[in-house]
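Good morning, colleagues. I would ask you to look at the structure on the screen while I speak.

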Amino acid sequence: MKAINKLKYIGIALLGFMLQSCEKDMEELASQNPNSPESLKSEWFLTSAEKEFMDNMWDEWINARTGMFYAQYWSATAYTEESRYRIRESVNRTFWRAFYSSLIDLEEAKSLAQQEEGTQNKIAIANIMKAWAFHVMSDQYGALPLMDALNPDILSPSYDSQEAVYDEILAMLETAVNNLDETGESYGSGDLIYGGDPTMWKKFANSLRLRVALRMADVNDTKASAVFTAVANDPSNIMGSNSDNALFPYQTANPNNNPINENAKTRTDFAVSETMVSYMDSLNDPRLAIYARPAVNTGTYIGLEYGLSNAQATAIPNDDISLPGEAVEAANAPGIYMLYSEVCFMMAEAHARGWGVTGSGPQWFEDGIRSSMEFWGVSDQAAIDSYVMEQGFNDGDWKNVIGTQKWLALYMQGLQGWYEFTRLDFKKVTGEDLIMLPAAGSMDPELSGIFPQRMTYPDEEYTLNEANVLGAAAELSSGDSKASKLWWDVF
């Protein structure tokens with residue numbers, strides 16, 4: 001096993017104890033010595049990576065102030081700079097560092113797994129998480145260090161093009177799926193997502209392959225369709241219901257509660273955007289009562305206009321607008337890696353693209369809506385049936401039809417909602433713009449009249465890895481700018 005920082009592995013061990021204690025025998029845990037390297041278990045590093053990945057992506061900074069703003073699910077009640085595209089570089093730097101730190105944990109999990117039972121499954125599961133992480137990172141930045149990134153002997157890792165990153169992600173996932181043994185030993189309760197179940201991990205990995213393939217469809221339809229259809233034509237390969245959702249199980253108390261909940265205990269920084277509230281209201285969407293709270297002063301749902309100035313936003317009393325719903329701010333609201341509803345909408349889009357996958361486009365589209373309603377706890381079946389009947393599937397306008405419903409179903413997955421908007425550029429089915437530019441204008445001079453397409457590389461890269469980051473920036477259409485389109489965004 002590679003040498004690791006002592007404080008790091010002590011922390012990993014303690015985290016493993018804390019998060020697994022509800023399912024582990026306490027006497028067994030008490031007998032472990034977290035100060036001894038010999039007592040380390042691969043599953044503790046997996047536990048750490050799963051939690052750190054989600055905490056990093058789901059907090060008030062990256063999820064709320066980047067993803068939820070850029071996807072226009074939420075608006076800022078104060079400190080509106082991020083909603084107007086001015087980032088805090090310290091946050092960007094922390095996001096990048098934390099992802100790579102968690103990837104190192106996965107490498108440690110794989111190293112330890114070599115000496116444990118269930119080696120094959122444990123390594124495959126860690127590689128699925130690795131592929132998921134690099135996909136998030138690549139769609140955030142574009143080209144990034146992958147091949148050299150986790151080699152401790154390389155201090156200035158080279159950047160791989162986003163196309164190369166996508167190829168490697170797909171290869172990782174395919175290999176992991178082929179190596180999973182559904183009858184073999186695996187992780188136990190240290191896997192907080194699926195309890196080490198190889199069958200569930202196989203479904204998650206294959207569903208991720210659909211996401212990766214579909215996102216590259218406009219730049220390489222041939223490869224995208226080949227990957228997608230090879231996976232999707234056997235529905236048992238992919239998520240088949242909400243019971244297959246990939247979720248992180250947050251708990252009721254700090255430090256293991258939902259990061260959004262921790263922020264909401266003492267602050268009211270976010271309101272549901274007028275963009276979302278007005279659109280859901282126009283559709284009589286029953287999820288609105290879950291996604292948002294009625295304004296205290298009126299008892300009705302009132303969104304906050306997106307991208308106001310600080311002065312404009314703070315002049316509006318919080319009791320006059322709809323704040324995020326209690327369910328999404330709950331301490332134990334799960335972090336979302338992927339939902340079955342997304343799989344349904346991807347299958348509907350594959351039909352619209354003429355890829356010839358199983359089932360029918362209209363049925364997959366309807367299943368996507370229904371599974372989203374179910375996930376969010378909508379219990380009024382008559383309201384669901386009425387809503388589904390009103391949302392007609394239209395092959396001729398599939399980007400808007402599927403895009404808007406998928407956007408609604410991706411609520412709280414701010415980064416994924418943003419990525420999907422930049423990919424599809426969807427509008428309302430009436431043809432009107434849905435996502436709007438900031439009301440008070442962009443604070444990023446390179447985003448005048450356009451939406452953010454990516455995130456700029458952290459400033460630290462220009463200090464620690466200058467030659468390589470400059471080379472990656474030179475390949476972008478507008479340099480290292482939020483206006484530069486990603487490799488797969490050709491329209």
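By contact, I shall mean heavy atoms within 4.5 Å. Please bear in mind that this is a predicted model.

With that term in hand, consider Phe204. Leaving aside residues up to four places away in sequence, Phe204 touches Ile128, Trp132, Tyr194, Met239, Ala246, Tyr337 and Met338. Phe204 belongs to the largest nonpolar core, which has 142 residues. Together with Trp74, Trp132, Phe228 and Tyr411, Phe204 is among the members that touch the most others. Helix H6, residues 119-141, contributes the most to this core, namely 12 residues. There is also a second, separate core of 5 residues, including Ala271, Leu304, Leu308 and Ile321.

I turn now to the charged side chains. The whole structure holds 30 salt bridges. In one of them, Arg65 pairs with Asp269, with 3.0 Å between the closest N and O atoms. This pair links distant parts of the chain, 204 residues apart: Arg65 lies in helix H4 (residues 60-70), and Asp269 in the loop between helix H10 (259-264) and strand E3 (270-272). Are these two residues buried or exposed? Arg65 is buried, at 3% relative accessibility, and Asp269 is buried as well, at 5%.

Another salt bridge joins Lys51 and Asp55, at 2.5 Å from N to O. These residues are 4 apart in helix H3 (residues 42-58), so about one helical turn separates them. Lys51 is buried, at 9% relative accessibility, whereas Asp55 is partly exposed, at 22%.

Finally, the surface. Val219, Val490 and Phe491 form a nonpolar patch there, with about 260 Å² of accessible area together.

Methods. Residues are numbered from 1 along each chain as its sequence is written. This is a predicted model: local features need pLDDT of at least 70, side-chain atom pairs count only at pLDDT 80 or more; totals for chains, interfaces and linings use all residues. Side-chain values use heavy atoms; hydrogens and water are left out. Patches are made of residues with over 30% relative accessible area and no salt bridge: like charges are joined within 9 Å, nonpolar side chains (Val, Leu, Ile, Met, Phe, Trp, Tyr) within 5 Å. Accessible areas come from the Shrake-Rupley method with a 1.4 Å probe; for residues, only the protein chains shown count as cover. A salt bridge is a side-chain nitrogen of Lys or Arg within 4 Å of a carboxyl oxygen of Asp or Glu. A nonpolar core is a set of buried Ala, Val, Leu, Ile, Met, Phe, Trp, Tyr and Cys residues joined through side-chain atoms within 4.5 Å. Buried means under 20% relative accessible area, exposed over 50%, partly exposed in between (1.4 Å probe, protein chains only). Helices (H or I, at least four residues) and strands (E, at least two) are DSSP runs, numbered from the N terminus.
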